[in-house]
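Please read these points with the sequence and the model open side by side.

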Amino acid sequence: LEPATLAAAMRSFYSSLSSLSLPEFDRLRNPRLAAQARQQIAVELADAHAAVHRLVMAPESGYSDQSFLLHTPQQVRVLLDCD
């Protein structure tokens, strides 16, 4: 991806972290099942962010400006309450 495109996508991702809402799970009648589904989605998002982060940080990726990576993978895991 072009750096500007990736930077815009990452800005959008980071801004959505503070308002991550999954109302679809509220319709599940079993609260434990809803909590498990939310947790699984949070882990998947954190894992995807970690993969992008590794790719961008790799010297061979060609991204000389990495300033759009506002959070480390561990910070995203904390923000998503994965641990």
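Notes on the predicted model

1. Tyrosine 14 touches His49, Phe68, Leu69, Leu70, His71 and Val76, leaving aside its neighbours within four places in sequence; contact means heavy atoms within 4.5 Å. This is a predicted model, in which local features need pLDDT of at least 70, side-chain atom pairs count only at pLDDT 80 or more, and totals for chains, interfaces and linings use all residues. Residues are numbered from 1 along each chain as its sequence is written, and side-chain values use heavy atoms, with hydrogens and water left out.

2. On confidence, the protein averages a pLDDT of 88, and 90% of the residues score at least 70; pLDDT is the predictor's confidence in each residue, from 0 to 100. Helices are DSSP runs (H or I, at least four residues), numbered from the N terminus.

3. The largest nonpolar core has 15 residues, and Met10, Tyr14, Phe68, Val76 and Leu80 have the most contacts inside it. Helix 1 (3-17) and helix 2 (31-57) are the elements that give two or more residues to this core. Helix 1 gives the most, with 6 residues. A nonpolar core here is a set of buried Ala, Val, Leu, Ile, Met, Phe, Trp, Tyr and Cys residues joined through side-chain atoms within 4.5 Å. Buried means under 20% relative accessible area, exposed over 50%, and partly exposed in between (1.4 Å probe, protein chains only).

4. The buried residues of helix 2 are Ala34, Ala37, Ala42, Ala46, His49, Ala50, His53 and Val56. They pack against helix 1 and helix 3. The length of helix 2 agrees with expectation, because its 27 residues at 1.5 Å a residue should span 39 Å and its end C-alpha atoms are 39 Å apart. The expected span is 1.5 Å times one less than the number of residues.

5. How many salt bridges does the structure hold? There is 1, formed by arginine 77 with aspartate 47, their closest N and O atoms being 3.4 Å apart. The pair links distant parts of the chain, with arginine 77 in helix 3 and aspartate 47 in helix 2, 30 residues apart. The criterion is a side-chain nitrogen of Lys or Arg within 4 Å of a carboxyl oxygen of Asp or Glu. Aspartate 47 is partly exposed, at 39% relative accessibility.

6. Serine 15 lies in helix 1 and is partly exposed, with a relative accessible area of 47%. Serine 15 and arginine 54 are 39 residues apart in sequence and 20 Å apart in space, C-alpha to C-alpha.
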